[in-house]
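Dear colleague,

I am handing over the structure that we spoke about, and below it I have set out what was found. Please read the notes with the sequence and the model open beside you.

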Amino acid sequence: MDTILKLDGITKSFPGVKALQGIHLEVARGEIHALLGENGAGKSTLMKILSGIYRPDTGTISVDGKDQHFTDYHDAVAAGVGIVFQEFSLIPYLNAAENIFLGREWRNGLGMLKRTQMRHAAAEIFARLGVSIDLSVQIRELSVAQQQFVEIGKALSLNARILILDEPTATLTPAEAEHLFNVMRDLKRQGVTMIFISHHLEEIFEVCDRITVLRDGQHVGVTNVADTDVGQLVEMMVGRRIESSFPPKPTLPADAKTVLDVDALQLKKDGPVNRFSLREGEILGFAGLVGSGRTETALAVIGADPAHVKDIRIHGAGAKLSDPADALKAGIGILPESRKTEGLITDFSIKQNISINNLGKYRSWRVLIDQRHEARTTAEIMKRVGVKAPSMHTEVATLSGGNQQKVVIARWLNHHTRILIFDEPTRGIDVGAKAEIYLLMRELTTRGYSIIMISSELPEIVGMCDRVAVFRQGRIEAILEGDAIDANAVMTYATAGSAHGVAHEHA
């Protein structure tokens, strides 16, 4: 094997946590090498060591047979290592070209920026990727998928020989993901080596050559993609087989109460008017392609986004939800798509995050906080949702993605919400944690909670939802239930509209 990269005996510890223990990773030149493991397995820590962000406690890194000692990110870049992080590192008020060349701008002899030349270079990079990016607008005006391609373009602009892609498809539609895979195959033919991190195992089989698996900070094994299957990989990752991720769907009572009636919701003047309802104990799925209006509809319901027309009833009574505070008073909580930036204060502890919206219940003498009451309630609700952490005082930033999601859920349960909106609840979460989230959702519905689940994962929509509202271009094309919920039907309505099928309950 023509080895371009070798990490040997890598260890890394943080206060109270041994993140990596004697990790070995060997990657061949020009291969696409998958790095798998549950959240908390050590993948991100290992990649931060490879990209110079962290320094290993022990172990060696060699590139092309030459030992490397990266003191920072720039050392790694100089050695030919580029990384596309799962969390974007773009400046929202700069355009794509300015982001690509940020910190290494091209200047003429007078120190003036060569803006035209940088724009031409950026345009060439995006042409290589086969994507259209408007270089005249600020990053914040681009779609999430376009921002992802800017991140990839930024890494390619560094002429990386080793490219790390950390969950690059998390925000992409299936068509955009396939486009990315074609780009990766082209780069492979050009001799670029890639390390690919993804929780979508089907992507591994589509684009990768070999797989290294980590578990609990340790090296589990290496296998060729052609020599393994999903079941074996899951067993390597979690130490056991997961035969079915989805708990059984209960049969809703025929007389299940309707807890939320959206009689009319029009986001913009002359836009489509949508109608839907949510029953007690139900999981209602919002399906559709990225940009189809799923999240915008949910945000308009709770008053986080404006609506031109909005007629809503909660438990049969008219409700005016002007902002999320009104929604919270009405018993509606939301788990946002970006839990780290919108759902959590990651520098705060678990206890602080769970209590933050509900400190009034702990007040003693109107001013002081009854800390014993707060601690007791926090411990009870952490146990109830299955948060795994050393203590309630653990900083949320140190938790795995699955445990962070459970902390957000715990906050809303602590606030006595009964209607929960889950926006991409398992994005960036490993297979074991996904199964735990699914089970928790079903446990909540059996206790009378009602859930709207927005998801881009078809297996999740089909496996978890009692009914599914399928969105296309801002319109609910169909609401499916029972045996009508299957991947083909959902995709047909999402891509071709209701003209190609008969909705069981048309919006």
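Which residue takes a positive phi in the hairpin of E14 and E15? The residue is histidine 315, with phi near 55°, and the hairpin has two residues between the strands. Before going further, please bear in mind that this is a predicted model.

The pairs of strands can be followed one by one. Strand E11 (residues 258-266) is joined to E12 by six bridges in the antiparallel sense, and within this pair valine 262 has phenylalanine 276 of E12 as its bridge partner. E11 also pairs with E14, again in the antiparallel sense and over six bridges, and here aspartate 261 stands opposite arginine 313 in E14. E14 and E15 run antiparallel and are joined by three bridges, with isoleucine 312 standing opposite alanine 319 in E15.

Helix H5 (residues 144-156) and helix H6 (residues 174-189) pack at an angle of about 10°, and their axes are 12 Å apart. Because angles under 35 degrees count as roughly parallel, H5 and H6 are described as roughly parallel to each other. On the side of H5 the contact is made by Ala145, Phe149, Ile152 and Leu156, and on the side of H6 by Glu176, Leu180 and Leu187.

In the other pair, the axes of helix H13 (residues 371-385) and helix H14 (residues 401-414) come within 10 Å and cross at roughly 125°, so that H13 and H14 are oblique to each other. The crossing of H13 and H14 is right-handed. Thr377, Ile381, Arg384 and Val385 of H13 make this contact with Lys406, Ile409, Ala410, Leu413 and Asn414 of H14.

In soluble globular proteins, nonpolar side chains tend to be buried together.

Two further residues have a positive phi without being glycine. Aspartate 216 has a phi of about 55° and is placed in the loop between strand E9 (210-215) and strand E10 (218-224), whereas glutamate 424 has a phi near 50° and lies in the loop between strand E19 (419-423) and helix H15 (431-446). Are these residues buried or exposed? Aspartate 216 counts as exposed, at 57% relative accessibility, but glutamate 424 is buried, with a relative accessible area of 4%.

Isoleucine 23, in strand E2 (residues 17-28), counts as buried at 0% relative accessibility. Not counting residues up to four places away in sequence, isoleucine 23 touches several residues, including Leu7, Ile10, Leu46, Leu214 and His219. Its C-alpha atom is separated by 47 Å from that of alanine 300, which lies 277 residues away along the chain. Asparagine 353, in helix H12 (residues 350-355), counts as buried at 1% relative accessibility. With neighbours within four places in sequence left aside, asparagine 353 is in contact with Leu344, Ile345, Phe348, Val396, Val407 and Arg411.

Key:
Residues are numbered from 1 along each chain as its sequence is written. This is a predicted model: local features need pLDDT of at least 70, side-chain atom pairs count only at pLDDT 80 or more; totals for chains, interfaces and linings use all residues. Side-chain values use heavy atoms; hydrogens and water are left out. Two strands pair if DSSP finds at least two bridges between them. Helices (H or I, at least four residues) and strands (E, at least two) are DSSP runs, numbered from the N terminus. Axes are lines fitted to C-alpha atoms, for helices over the stretch in contact, and angles run from 0 to 180 degrees between N-to-C directions. Angles under 35 degrees count as roughly parallel, over 145 as roughly antiparallel, 65 to 115 as roughly perpendicular and the rest as oblique. A crossing is left-handed if the near helix is turned anticlockwise from the far one by less than a right angle, and right-handed if clockwise. Contact means heavy atoms within 4.5 Å. Buried means under 20% relative accessible area, exposed over 50%, partly exposed in between (1.4 Å probe, protein chains only).
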